[in-house]
Amino acid sequence: MGKLFGLIGHPVGHSMSPSMHNDAFRLLNQEHHYHAFDVSEKDLEAAVTGIRALEISGFNVTIPHKVEVIKYLDEVDAEAKLIGAVNTVVNVSGRLIGYNTDGEGYLQSLLKTTGDQLHNMKVLVIGAGGAARAVYTVLSRYSVSELHIANRTKEKARHLATECNQRRIEGTVWSLEEAEEQLDLFDLIINTTSVGMSPRVAELPIQLDKLKADAVVSDLIYNPLKTKLLQEAEAKGATIINGVGMFVEQGALAFEKWTGTAPDRKHMEKVVLQQLGGL
Ligand code: NAP
């Protein structure tokens with residue numbers, strides 16, 4: 001019999017996860033179904049209780065519940081604890097176990113472009129929110145050459161760097177202006193802020209005047225597919241990476257945790273790009 005999976009967040013109306021997962025189930029002849037549930041902050045506890053009662057087999061968690069949901073789970077894996085947020089929950093015989101596949105999803109998508117060279121790269125993470133914590137944590141675990149961070153609120157970046165740099169990779173906490181001045185130090189620049197996301201597509205998280213010509217610039221945003229940051233970086237000769245790969249990979253890793261089966265990632269990407277108007 002088919003199982004039920006889902007997403008809890010608010011809002012979820014435009015989420016691409018239902019079509020991405022339902023299509024993957026269909027391709028594998030699995031009778032499962034994935035549904036997006038719009039859950040307000042005041043209803044989060046009741047929603048998790050409902051998930052238990054209905055024996056929903058697994059679910060994703062998105063904004064604004066990724067941190068708050070932790071207190072309603074039975075167990076949280078070590079990396080999700082370090083990141084401080086859960087985006088994937090597996091129901092194992094009534095026990096709800098939380099994971100974070102955003103960080104590993106990002107790393108897997110990044111490695112497709114950088115390969116092992118990532119170990120030799122000096123990296124700047126821009127932002128210090130939930131996505132930054134996931135990205136910074138996995139890059140520390142992977143052991144990049146240097147790991148720097150810049151944020152509008154520098155104090156928040158300082159906290160993040162203290163809490164999430166388990167391997168104690170060398171790096172500095174910068175303000176956005178300081179990082180702009182030092183930009184030619186970095187081989188890989190990652191925007192984890194929401195600056196440049198639709199509808200505010202004309203905004204830049206950082207000025208690229210001092211960008212190295214052979215740098216890689218990665219933006220977690222996937223709407224638009226090519227943010228102003230990526231457009232400007234590409235014009236300067238940089239290699240660019242948008243957020244689609246991360247979105248697909250975090251979903252594929254969740255799918256594997258729920259079903260024990262690897263989905264067709266290429267097909268998942270196609271479904272996402274179709275929805276974003278990129279095909
Ligand atoms: P968040 O926790 O709200 O963090 C937002 C970050 O953006 C903070 O560092 C904040 O700086 C910074 N910021 C916001 N407005 C700014 C502005 N006007 N100028 C400078 N900095 C600004 O959000 P999040 O959950 O980390 O998500 C961030 C982005 O990542 C979103 O665009 C989201 O769509 C994307 N994302 C993509 C994927 C994917 O699968 N591709 C997955 C997760 C997230 P302060 O600390 O100073 O407030």
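Below are my entries, and I keep in mind that the model is predicted.

**Entry 1**

I started with strand S1 (4-9) and looked for its neighbour. I found that S1 and strand S2 (residues 33-38) run parallel and are joined by 6 bridges. For one pair I noted the names: Ile8 has Phe37 in S2 as its bridge partner.

Which residues of helix H2 (residues 44-53) are buried? I wrote down Leu44, Ala47, Val48 and Ile51. Looking down the axis of H2, I see these buried residues within an arc of 95°, so they line one face of the helix.

What do the buried residues of H2 pack against? I get strand S1, strand S3 (58-61) and strand S6 (95-99). On the face turned away from the buried side, I found the exposed residues Ala46 and Ala53.

**Entry 2: positive phi values**

Next I checked backbone angles. Most residues other than glycine have a negative phi, and most peptide bonds are trans. I went looking for exceptions.

Glu55 follows H2 and has a positive phi, near 55°. I place Glu55 in the loop between H2 and S3. Is Glu55 buried or exposed? Its relative accessibility is 63%, so I count Glu55 as exposed.

Asn29 also went on my list: it is not a glycine, yet its phi is positive, about 55°. Asn29 sits in the loop between H1 and S2, and with a relative accessible area of 72% it is exposed.

**Entry 3: cis peptide bonds**

Where are the cis bonds I noted? One joins Ile63 and Pro64, with omega about 10°. Pro64 belongs to the loop between S3 and strand S4 (75-76). Another cis bond runs from Asn223 to Pro224, with omega near 10°. I find Pro224 in the loop between strand S11 (216-219) and helix H8 (228-235).

**Entry 4: Asn165**

I had a look at Asn165, in the loop between helix H6 (154-164) and strand S9 (173-174). Why do I call Asn165 buried? Its relative accessible area is 8%, and buried means under 20%, so Asn165 qualifies.

What does Asn165 touch, leaving out residues up to four places away in sequence? I noted Tyr136, Ser140 and Leu160. With Ser140 there is a polar contact too: the two side chains are joined at 3.0 Å.

**Entry 5: around the ligand**

Last stop, the ligand. How many residues surround the ligand? I have 21 down, and the closest are Ala128, Ala131, Asn151, Thr153 and Lys156.

- Arg152 has a polar side-chain atom 2.9 Å from an oxygen atom of the ligand.
- Leu220 has a polar backbone atom 2.9 Å from a nitrogen atom of the ligand.
- Phe247 has a polar backbone atom 3.4 Å from an oxygen atom of the ligand.

Methods
Residues are numbered from 1 along each chain as its sequence is written. This is a predicted model: local features need pLDDT of at least 70, side-chain atom pairs count only at pLDDT 80 or more; totals for chains, interfaces and linings use all residues. Side-chain values use heavy atoms; hydrogens and water are left out. Buried means under 20% relative accessible area, exposed over 50%, partly exposed in between (1.4 Å probe, protein chains only). Helices (H or I, at least four residues) and strands (E, at least two) are DSSP runs, numbered from the N terminus. The arc is that of the directions from the helix axis to the C-beta atoms. Contact means heavy atoms within 4.5 Å. Two strands pair if DSSP finds at least two bridges between them. A residue is near a molecule or strand if one of its heavy atoms lies within 4 Å of it. A polar contact is a pair of N or O atoms within 3.5 Å; within protein, one must be able to donate a hydrogen and the other to accept it, and residues adjacent in sequence count only if both atoms are side-chain atoms.
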